[in-house]
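Thanks for asking me to look this one over with you. My notes follow as numbered points, meant to be read alongside the structure.

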Amino acid sequence: MAKRKRGAQEVPSSTAPATPAASVLLPQKKYYRQRAHANPFSDHSLDYPSAPDQIDWGQHYPAYAGTGKTPDFADVGCGFGGLLIALAPQFPDTLMLGLEIRVQVSQYVQDRINALRVAAVAESTTDTPPHHYQNVSIVRANAMKFLPNYFGKHSLEALFFLFPDPHFKSRKHKARIISPTLLAEYAYVLKPGGIVYTITDVRDLHEWMKKHLEEFPLFEPVDEETLRKEGKGGILDAVYHKGLRCVDS
C-alpha cells in the first residue's frame with residue numbers, strides 16, 4: 001500500500017453484500033466466461049470520454065443525478081466486481097467505479113449491479129431497508145491508456161489493484177499496471193493523502209509494485225495500523241478478504 005504524498009510537487013507524467021430477494025436472479029459467471037487477461041496494448045475498439053467533465057455520472061448513479069458527485073474509489077481491473085460489491089454497503093455515500101477491459105466480464109458486473117438494485121427495491125418493505133447499490137458502477141475501459149479521461153486531478157480517495165496480470169516475462173514488464181510512467185497518472189488523479197491498494201499472489205510482482213511505489217517521489221509507504229486509525233479498516237478487511245492476504249502488504 002502507498003499513500004499519495006501531501007504537498008508533493010507533481011511531475012509530468014469484508015463485509016458480504018446483502019442477500020437479494022429470492023425473486024431476483026443474479027447473473028451467473030459461467031455465462032460470462034472470458035480469458036483471464038487481455039493485452040492492454042491491443043486495439044479494443046473502446047469508446048471513452050474526451051475529458052472527465054464530459055461524463056454524465058447520473059447515468060451511472062441515477063440516485064445521485066444532479067448532485068455533482070463523482071467517483072471517489074476506482075477499482076482498476078475490477079474483474080467480476082467482488083470488491084466493489086463488498087465495499088458498496090460499507091460506504092453508502094461514496095461513489096465507486098470499476099474499470100474492466102474484458103467485454104464479457106464488464107457486462108457481468110453491470111448485470112450484477114442492476115440485479116442487486118432490483119433486489120433492493122424488492123426488499124424495500126422490510127423493517128431494515130437493504131443497501132441499494134446505487135453508489136457503484138462500471139465502465140469498460142483500458143485504464144493504462146485512458147484513466148485521466150475518467151477522473152479529474154485530485155478527484156479520487158482510493159485506487160485498487162487486485163491481482164493484476166503479473167506479466168512474468170521480462171519483455172512483458174512494460175505492460176505491468178504499476179510502472180513509473182503510470183504512477184504519475186495515479187498521482188494525478190489521487191487526492192493528496194489518497195491510497196493505492198495492491199494485492200497479489202505473485203511475490204515477484206508484489207516486490208515490483210512495492211519497489212516502484214516507494215521509489216516514486218509522489219508516494220510514500222503507509223502501514224496497516226495507520227490506515228486503521230484513519231478509519232480505513234473496512235477497506236483493508238474487504239481487500240484482504242478478496243485476496244486471502246496472500247502476501248504482506
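1. Let's begin with R228. In this predicted model, R228 is partly exposed, with a relative accessible area of 34%. Its salt-bridge partner is E224, and the closest N and O atoms of the pair are 2.9 Å apart. Both residues belong to helix α7 (residues 224-229), where they sit four residues apart, about one turn of the helix. E224, for its part, counts as buried because its relative accessibility is 19%, and the cut-off for buried is under 20%.

2. A second pair is found in helix α6. E214 and K210 form a salt bridge, with 3.1 Å between the closest N and O atoms. Why are they about one helical turn apart? Because four residues separate E214 from K210 within α6. E214 counts as partly exposed at 39% relative accessibility, and K210 is also partly exposed, with a relative accessible area of 37%.

3. The side chains of R102 and E100 meet in a salt bridge, at 2.8 Å from N to O. R102 has 12% relative accessibility, so it counts as buried. E100 is buried too, at 3%. As a reminder, side chains of opposite charge can pair when their charged atoms come close.

4. The structure holds 12 salt bridges. Beyond the pairs described above, K3, E230 and K232 are joined in a network of salt bridges.

5. Which residues gather in a patch of positive charge on the surface? They are K169, R171, K172 and K174. With 36% relative accessibility, K172 counts as partly exposed.

6. Most residues other than glycine have a negative phi. H167 counts as buried because its relative accessible area is 14%.

7. Y133 also deserves a check of its backbone. This residue has a positive phi of about 60 degrees and is not a glycine. You will find Y133 in the loop between α3 (103-122) and β4 (136-140). With a relative accessible area of 2%, Y133 is buried.

8. L190 lies in strand β6 and is buried, with a relative accessible area of 0%. The C-alpha atoms of L190 and L159 are separated by 7.8 Å, while the two residues are 31 residues apart along the chain. P71, in the loop between α1 (57-60) and β2, is buried as well, with a relative accessible area of 2%. P71 and A158 are 87 residues apart in sequence, and their C-alpha atoms are 9.8 Å apart in space.

9. Finally, a view of the chain as a whole. How many helices and strands make up its secondary structure? There are eight helices and seven strands. The chain has 249 residues, and buried residues make up 51% of them.

Methods: Residues numbered from 1 in each chain as written. Predicted model: local features only at pLDDT ≥ 70, side-chain atom pairs only at ≥ 80, totals over all residues. Heavy atoms only, no water. Patch = residues over 30% accessible without salt bridge, like charges linked within 9 Å, V, L, I, M, F, W, Y side chains within 5 Å. Areas by Shrake-Rupley, 256 points an atom, 1.4 Å probe, with all protein chains shown as cover. Salt bridge = Lys/Arg side-chain N within 4 Å of Asp/Glu carboxyl O. Lys, Arg positive; Asp, Glu negative; His and termini not counted. Charge placed at Lys NZ, Arg CZ, Asp CG, Glu CD. Buried < 20%, exposed > 50% of the residue type's maximum accessible area, 1.4 Å probe, protein only. Helix = DSSP H or I, 4+ residues; strand = E, 2+ residues; numbered from the N terminus.
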